[in-house]
Amino acid sequence: MNDTKRWNVIKSKNNEAMIKEAAQLLMDGNTVAFPTETVYGLGADATNEKAVEKIFQAKGRPQDNPLIAHVATKEQLINLVEDIPDYVYRLIDHFSPGPITYVLKSNGTCAENVTAGLQTVGVRIPSHPVALSLLKNCNIPIAAPSANTSGKPSPTTADHVWEDLAGKIAGVVDGGATGVGVESTVIDCTQDIPIILRPGGISKEELEEVVEMVSFDPALSGEDERITPKAPGMKYTHYAPEVPMWLVAGGSEKIQDVYNELVTGGKRVGVLANRNTLEKMNVEYAISLGETPEDVAANLYDGLRKFRKAEVDIILCDTYPEHGIGQAIMNRLRKAASRYIEE
Ligand code: TXA
Ligand code: MG
């Protein structure tokens with residue numbers, strides 16, 4: 001394909017002109033990657049089937065995996081769907097713009113390949129100022145999956161996007177590192193109570209402060225493989241780093257044991273954990289994910305991408321308590337891991 005354009009909207013004084021140029025490319029049916037508060041998205045006009053097809057091509061994405069439509073306002077969101085339960089208005093008023101996606105009955109405005117033939121469509125209002133400004137400038141719904149090659153960790157910087165998609169897309173708006181670091185919470189809003197299809201930036205506990213009852217898609221526990229996830233994307237292998245990653249429960253001592261055994265066996269081992277765990281360990285190559293669960297979410301995909309085949313054979317990764325943002329962290333880590341050593 002053609003050269004991929006790159007606009008740096010942090011360092012430039014010409015932000016508005018850059019955003020306008022990126023918006024025009026989107027309106028003309030091209031693909032442009034842009035930052036959201038969660039991860040970078042790869043956008044295309046959600047009403048234009050040919051434009052949306054370019055997203056699937058660039059990512060190598062399975063055709064049966066629907067995309068999220070991004071809009072700038074509540075009114076635009078409402079204009080894409082029908083049969084909106086009352087609790088959705090409450091959720092929108094509390095959490096949007098923000099890292100939450102509502103799955104609702106589609107009214108047919110979005111192209112068929114956005115919804116992958118489903119009757120429903122996922123819609124969200126991102127809170128990142130660059131995303132909002134881009135959306136306001138094009139004034140059309142923008143379909144946008146995470147801007148990575150399918151199967152790889154999602155991109156949290158423009159460099160990650162570049163590594164995967166340069167030459168395959170029309171442009172990248174570089175707005176620096178994203179904040180939340182894991183994707184939006186996807187909730188099915190077609191039932192009497194909201195159902196979490198993918199844990200993400202807004203936790204179950206936070207949702208329950210606004211609506212009394214929220215449940216998890218039973219497929220999320222992974223305990224029964226016969227249950228198909230309601231979010232088609234949740235059934236694929238995901239977030240796989242270049243090097244195999246083992247998830248190790250039991251804290252620093254247990255990780256150290258596994259590490260020692262592997263090193264004795266001649267393996268080059270990297271450790272991915274928070275600072276507290278790493279301080280108690282004696283290892284040669286480690287990447288710290290920071291201190292708080294929020295830091296871990298923000299740094300996770302970058303950490304997974306940093307380990308290279310040339311340097312390590314195996315990554316050992318710590319586990320995290322499954323509440324708050326920890327639900328999303330553990331969901332992603334289980335998917336990224338090739339092996340899970342449980343306590
Ligand atoms: O934070 C995010 O949500 C990011 C940024 C770019 O907005 N986007 C993102 O998109 O993570 P993607 O395509 O990587 O993941 C979308 C997830 C997939 O698991 C997909 O199956 C699910 O949402 N999904 C989309 N539409 C759906 C629908 N109508 N019904 C059920 N699941 C849906
Ligand atoms: Mg994705």
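How far is an oxygen atom of ligand 1 from an N or O atom in the side chain of Asn-65? The gap is 2.7 Å.

This is a predicted model, where local features need pLDDT of at least 70, side-chain atom pairs count only at pLDDT 80 or more, and totals for chains, interfaces and linings use all residues. Residues are numbered from 1 along each chain as its sequence is written, ligands are numbered from 1 in the order in which they are written, and side-chain values use heavy atoms, with hydrogens and water left out.

View 1. Ser-146 has a polar side-chain atom 3.1 Å from an oxygen of ligand 1. On its own the ligand has 680 Å² of accessible area (Shrake-Rupley, 1.4 Å probe), and the protein covers 97% of that.

**View 2. The shell around ligand 1.** Its 29 residues (a heavy atom within 4 Å) include Thr-38, His-70 and Gly-233, which are among the closest. By class, that's 15 nonpolar, 9 polar (Gly counts here) and 5 charged. Strand β7 (a DSSP E run of at least two residues) gives the largest share, 4 residues, while β3, β4 and β11 each supply at least two.

**View 3. β11 and its partners (strands pair with at least two DSSP bridges).** β10 and β11 run antiparallel with 3 bridges, and a hairpin of 6 residues joins them. Ile-187 faces Ile-196 in β11. With β12, β11 runs parallel through 2 bridges, and Ile-195 has Ser-215 as its bridge partner there.

Note on methods. A polar contact is a pair of N or O atoms within 3.5 Å; within protein, one must be able to donate a hydrogen and the other to accept it, and residues adjacent in sequence count only if both atoms are side-chain atoms.
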